[in-house]
Amino acid sequence: MSDSLVVTVLVALLGGALRVSTPFMFVALGECLTEKSGRVNLGLEGTLVFGAMSAYATSYHTGSPWLGVLAAGLAGAALGALHGFVCKLPRVNDIAIGIAMMLFGTGVAFFFGKAYIQPTAPRLGAIALGDWTGDPKVATALQVNPLLLIGLATALIMWWAFANTRWGLVLRMSGDSAPAARAMGVSVDLVRFLATLSGGFLAGVGGAFLSLYYPGSWNQGLSSGQGLMAVALVIFARWNPLRCVAAAMLFGAAGAIGPALQSVGVTQGYYFFNAAPYILTLLIMVASAGSRQASREAPGELSITK
Amino acid sequence: MTDFRLTRRGFMHSAGAFGATSLLAGTSRPALAAGVTIGIVYVGPRDDFGWNQAHAVAIKSLKNVAGVKAVEEENVPETDACAKSMESMVNLDGANIVLGTSFGYFTPFMVDLAKKYPKVEFRHAAPLWDGSKHPKNLGSYFGYLNQAHYVDGVAAGLSTKSNKLGFVAAKPISSVLSNINSFLLGARKVNPNAVVQVIFTGDWSLPVREAEATNALVDAGCDVITCHVDGPKVVIETAEKRGVKSCGHNASQAPLAPKGFITGAEYKWETIYKIYADKLAKGEPLPNMLAGGYDSDMVQNTPFGAGASEEARKAATAAIADLKAKKPIYVGPLKDNKGNLVIDKAYDNYDPYLDQMNYLLEGVIGSIT
């Protein structure tokens, strides 16, 4: 492979990371928030799809994609609130409810989304960060959607707030030891309800990115499991918002390997390269999950770790 | 599969028929002369800008024909659900013919239903029917879409400046390979320097990877993009966004690319469905195998879009006339892209040898493994 081909592949990986990672990032951040409070919401795949549909429909009717983003967030928050409310009831398993919510969210999205497969809605624009390079490929790769920047900012704020604010402390305490939180006079149920609701909001916004920016259209196969992978990324990122961003970026870049290699003529073994993100995730998890550090970072109240 | 398995609908139907015969000694089925009812089952939504839409458009045109009623059901998975859906079309809607439009509906579901309801016709949209194994009231129909992709190729070959055409493909099965190869041969006919670069995504519907593949092809210098995936919406929209031209697949995607759309390969199921409805109304037997291309009006090309130059339009129209006159697409000697001679002579467009295609021709950049 000559140098220019290597550059082409690297540019494609960079572009892939910037284009594909945003929905992973939002869902992973939302799930990170929810799991920090001691609850697992597996339904974020449904939230993502429902958010994508709501965003597209709202953008189509109002003509404003940003209203669509808001609608997606609110739709996601509604699903999150439902999950949070049901899990408050006694003897309810949050994992089972999560799976039910996943099917519910996609089902509702498909039902209401039928009318929006055909029409074209206004999409979100992009910020061109790479025009100064004068290279059209790099310029295209560096076209960044504002939602990506919002996601990065959210991750930074979450990372800072977890460690440095009273709210962050209450959230982490609810996740690590419910009895301790109760002794402090904190309503654990309320904290978890709010965390699930906010997590749903973020996942919904991730859906808006899918339908309004990239790939930028609404259809039923839009998500194809990205919400589920993002939930797994949280474990991979060990409940740290900044690592969630890194994991989403890595996953996005790895997803671009398959098409990028085929486009420069490395055509053999594309099934293997298309599986690259999953193989990579698996390898890093195996390498990192065994450490004592990893088990210390998991919220103690999570039903998967208890 | 046992015949004693009772479904609720099957039971109600038998009980109803028993009651009717014992009381009235009449028939339990509505008489055929009352009209023709066509039942059709889709695997996805009817308006997916792709495979399902192509069928739905054809059914819609049938609804205007007097005496024909159509019953549709969409989003039916390739499981027992399709059998239930088809059975209720037979029992509750009195369908005379049931059309299954997804590959996985055939075995065991449609085969079993055809045995269970010998008076109802079942037809499936892929060449799977085998006279030695399957019931006579079951059959297959399909269109040779590669002929329309050949026409796409002719138009694309005259629309490219970089001589690189991009093809986003789902899986390397023979029908997909034949579309890619025909697209190349069409392009090469008018532009000997044209090459086709193919990216396989690995599955029929992966919108994000399809968008990635389209971007990668454009980055690699392709200035015309076409595809063979279930819903070409994302590919065509991404190509338009990147400012390159595009050719469609399955149904009309012209509205998605007002600037760059050239033309597209479309099925014309309408022709086949009208033959079925007509023969059923007259009480004539239906053919078990019904397939064809341009010469029997079973495929078509989308009307030219803004991306097609005058030259491209002329050449594509001439190519359509050639296909209607049964002029062969595959004229040897042709090598595959590994250097083996695969097409030694001129093959008829319907030669079974071409159905076994498992290679990409020289001029296609890509690999099937």
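Axes are lines fitted to C-alpha atoms, for helices over the stretch in contact, and the angles between their N-to-C directions run from 0 to 180 degrees. The model examined here is predicted.

In chain A, helix H2 (residues 44-62) packs with helix H3 (residues 65-88) at an angle of about 145 degrees, and their axes are 7 Å apart. The crossing of H2(A) past H3(A) is right-handed. On the side of H2(A), the residues that make the contact include Gly46(A), Phe50(A), Ala55(A) and Thr62(A); on the side of H3(A), Pro65(A), Gly68(A), Ala72(A) and Leu79(A) are among them. Sorted by class, this contact of H2(A) with H3(A) comprises 11 nonpolar and 10 polar residues, with no charged residues.

Attention now turns to chain B. Here seven strands form an open sheet of mixed pairing, in the order S12-S10-S9-S8-S6-S7-S15. Strands S12 (299-301) and S15 (364-365) of chain B stand at the edges with a single partner strand each, so one side of each has no neighbour in the sheet. Within chain B, strand S6 (residues 164-169) and strand S7 (residues 195-200) run parallel and are joined by six bridges. Lys164(B) stands opposite Val195(B) of S7(B).

It remains to consider how the two chains meet. Chain A contributes 31 residues to the contact and chain B contributes 30 residues. On the side of chain A that touches chain B, the elements giving two or more residues are helices H1 (3-36), H11 (241-263) and H12 (270-274) of chain A. H11(A) gives the most to this side, with six residues. By class, the side of chain A that touches chain B has 17 polar, 12 nonpolar and two charged residues.

Terms used
Residues are numbered from 1 along each chain as its sequence is written. Chains are lettered from A and ligands numbered from 1 in the order in which they are written. This is a predicted model: local features need pLDDT of at least 70, side-chain atom pairs count only at pLDDT 80 or more; totals for chains, interfaces and linings use all residues. Helices (H or I, at least four residues) and strands (E, at least two) are DSSP runs, numbered from the N terminus. A crossing is left-handed if the near helix is turned anticlockwise from the far one by less than a right angle, and right-handed if clockwise. Two residues are in contact if their C-beta atoms, placed from the backbone, lie within 7 Å. Ala, Val, Leu, Ile, Met, Phe, Trp, Tyr, Cys and Pro count as nonpolar, Asp, Glu, Lys and Arg as charged, and the others, Gly among them, as polar. Two strands pair if DSSP finds at least two bridges between them.
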